[in-house]
Amino acid sequence: MTARILVVDDVPANVRLLEAKLTIEYYDVVSCHDGQTALKLAAAEKPDIILLDVMMPGMDGFEVCRRLKADAETRHIPVVLVTALDGREDRIKGLDAGADDFLTKPLDDVVLFARVRSLVRLKLIMDELREREESGRRMGVSTDGAARLRGSGGRVLIVDDNARQAAKVMEELSREHRPVIETDAGAALVASRGLIDLMIVNIAAQGFDGLRLIAQIRSVEATRHLPILAIVETSERPRLLKALELGVNDILSRPVDSEELAARARTQIRRKRYTDFLREKLDYSLEMAVTDALTGLHNRRYMSGQLRAFVQRANHGGDPVAVLVLDIDHFKAVNDGFGHDAGDEVLSEFAVRLATNVRAVDLPCRLGGEEFVVVMPDTSLEDAHRIADRIRRDVGSAPFRVMGGREHLTITVSVGVAASLGEGDTPEALLKRADEGVYEAKASGRNRVIARAA
């Protein structure tokens with residue numbers, strides 16, 4: 001897995017050393033020696049990771065990190081602060097500035113590359129979500145929900161059989177979050193599939209295998225993206241590296257430092273909410289791409305794809321598919337006499353009556369304007385005609401209330417019905433036959449159902 005990495009350090013020898021190490025591992029490296037240039041390169045080059053030195057003249061790494069995370073164009077880029085400092089205050093300051101990790105010099109190559117690989121995987125997920133979210137915005141179906149990202153507190157699952165350590169973690173996190181403790185790995189695996197924002201696992205637990213639990217979490221679709229913070233002994237290098245290899249999002253060294261714990265938990269929960277926000281926007285965008293905004297029914301695009309699949313199945317010996325084409329009678333008079341807002345109210349109410357008079361397996365859709373289609377799988381022409389007449393009677397049985405209930409309009413509908421003919425039939429031909437039924441219904445007085453067998 002390769003990536004483009006921006007290396008920022010005011011000491012040229014340090015830059016050359018990191019460039020050499022990263023290049024050998026087939027990473028594409030861009031470098032600079034000061035904070036201002038780093039900000040410009042980050043915006044222009046869009047690197048996958050930034051390795052940022054802290055101690056630089058002028059603008060230090062903490063300030064560069066804060067500015068990167070404050071800019072919508074660069075806030076999603078993972079930042080690893082690299083410094084000779086190893087005090088807890090510097091780690092906490094770096095995490096509060098928005099850093100995704102904090103490494104000390106001299107760098108441990110194995111740990112460095114494990115961190116890089118983990119962050120590259122995260123960046124790939126973020127990029128895909130952001131790209132799809134941007135596609136939704138271009139389609140005009142994006143929705144603003146940024147306020148949801150600022151919610152206070154998160155749901156944290158602490159998996160630890162060390163009672164003293166778990167109590168300390170819980171006490172610290174309770175100030176800002178909603179933590180619970182679980183000492184059994186099996187129960188934790190079940191709990192992880194609930195509404196959890198962060199899991200904290202003691203991988204040195206005595207009563208269960210913490211690494212195996214992490215592997216199980218990552219192997220299940222429902223929990224694959226759940227952030228995991230692993231508590232480790234830094235002296236237990238094999239376990240630390242295996243945890244990173246299995247995909248933990250962050251490492252917390254023992255003994256647990258309360259402020260560092262709070263900072264790392266806050267960072268992981270904030271990132272989780274951002275990715276959840278992007279995924280929800282993507283789901284909304286996909287839904288809106290196949291949904292009519294006014295009526296909430298499926299649109300022409302969705303109807304066409306579904307109808308084609310049903311017709312193909314019918315052509316190969318499957319059950320027949322029927323369609324209804326419905327056209328509201330004299331709809332232009334509604335718009336001309338009462339305005340387009342009243343017309344929209346009629347369309348919305350018509351969609352409700354249509355949807356409540358078809359079966360759960362049927363697909364009511366708005367074709368456009370005042371024209372609607374119902375795709376009816378596994379349905380004969382006779383059954384479709386019976387359902388169409390039920391819809392017609394319900395539409396005309398009670399007036400439509402518009403303009404805040406001030407006007408009561410009598411609405412009727414003309415319906416054409418057709419069913420697939422077997423091998424050689426096409427969706428276009430099926431819809432044309434039903435459409436011809438609509439024209440015949442209107443020509444013979446409207447408020448009718450006409451079935452076209454061929």
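This is a predicted model: local features need pLDDT of at least 70, side-chain atom pairs count only at pLDDT 80 or more; totals for chains, interfaces and linings use all residues.
Y26 is found in the loop between α1 and β2. Y26 counts as exposed, with a relative accessibility of 70%. For background, most residues other than glycine have a negative phi, and most peptide bonds are trans.

Now let's take in the whole thing. The protein has 15 helices and 17 strands. Its radius of gyration is 30 Å, well over the 22 Å that the globule rule gives for 454 residues, so the protein is more spread out than a compact globule. Of the 454 residues, 50% count as buried. The accessible surface comes to about 21,500 Å², and carbon and sulfur atoms make up 50% of that. As for charges, there are 64 positive and 72 negative ones, and their mean positions are 1 Å apart.

How does the chain meet itself? Among contacts with a separation of 6 or more, 67% are between residues 24 or more positions apart.

Next, the aromatic rings. A search of the whole structure turns up two aromatic pairs. One of them is Y27 with F113, a stacked pair with 6.4 Å from centre to centre and 5° between the planes. Y27 lies in the loop between α1 (12-24) and β2 (28-32), while F113 is in helix α5 (residues 109-138), so this pair ties together parts that are 86 residues apart in sequence. Y27 is buried, with a relative accessible area of 7%, and F113 is buried as well, at 9%. The other pair is F350 and F372: the ring centres are 4.8 Å apart and the planes stand at 50°, so this one is tilted. Here F350 sits in helix α13 (residues 340-356) and F372 in strand β13 (residues 371-377), so the parts being tied together are 22 residues apart in sequence. F350 is buried, with a relative accessible area of 0%, and F372 is buried with 0% too.

Back to the backbone. Where are the cis peptide bonds? One joins K105 and P106, with omega about -5°, and P106 is found in the loop between β5 (101-104) and α5. Another joins R254 and P255, also with omega about -5°; P255 belongs to the loop between β10 (250-253) and α10 (258-289). There's a further positive phi as well: H330 has one of about 55° although it is not a glycine. Look for H330 in the loop between β11 (321-328) and α12 (331-338).

R308 lies in helix α11 (residues 300-315) and counts as partly exposed, at 37% relative accessibility. Apart from residues up to four places away in sequence, R308 touches P427 and E428. Its C-alpha atom is 19 Å from that of A453, 145 residues away along the chain. S420, in the loop between β16 (413-419) and α15 (427-443), counts as buried at 12% relative accessibility. Leaving aside neighbours within four places in sequence, S420 is in contact with A314, P320, V321, D425, L430 and R433.

Note on methods:
Residues are numbered from 1 along each chain as its sequence is written. Side-chain values use heavy atoms; hydrogens and water are left out. Helices (H or I, at least four residues) and strands (E, at least two) are DSSP runs, numbered from the N terminus. The radius of gyration is taken over C-alpha atoms; the globule rule is 2.2 Å times the number of residues to the power 0.38. Buried means under 20% relative accessible area, exposed over 50%, partly exposed in between (1.4 Å probe, protein chains only). Contact means heavy atoms within 4.5 Å. Accessible areas come from the Shrake-Rupley method with a 1.4 Å probe; for residues, only the protein chains shown count as cover. Lys and Arg count as positive and Asp and Glu as negative; His and the chain ends are not counted. The place of a charge is taken as NZ of Lys, CZ of Arg, CG of Asp or CD of Glu. Rings of Phe, Tyr and Trp (its six-membered ring) pair if their centres lie within 6.5 Å; planes under 30 degrees apart count as stacked, over 60 as edge-to-face and the rest as tilted.
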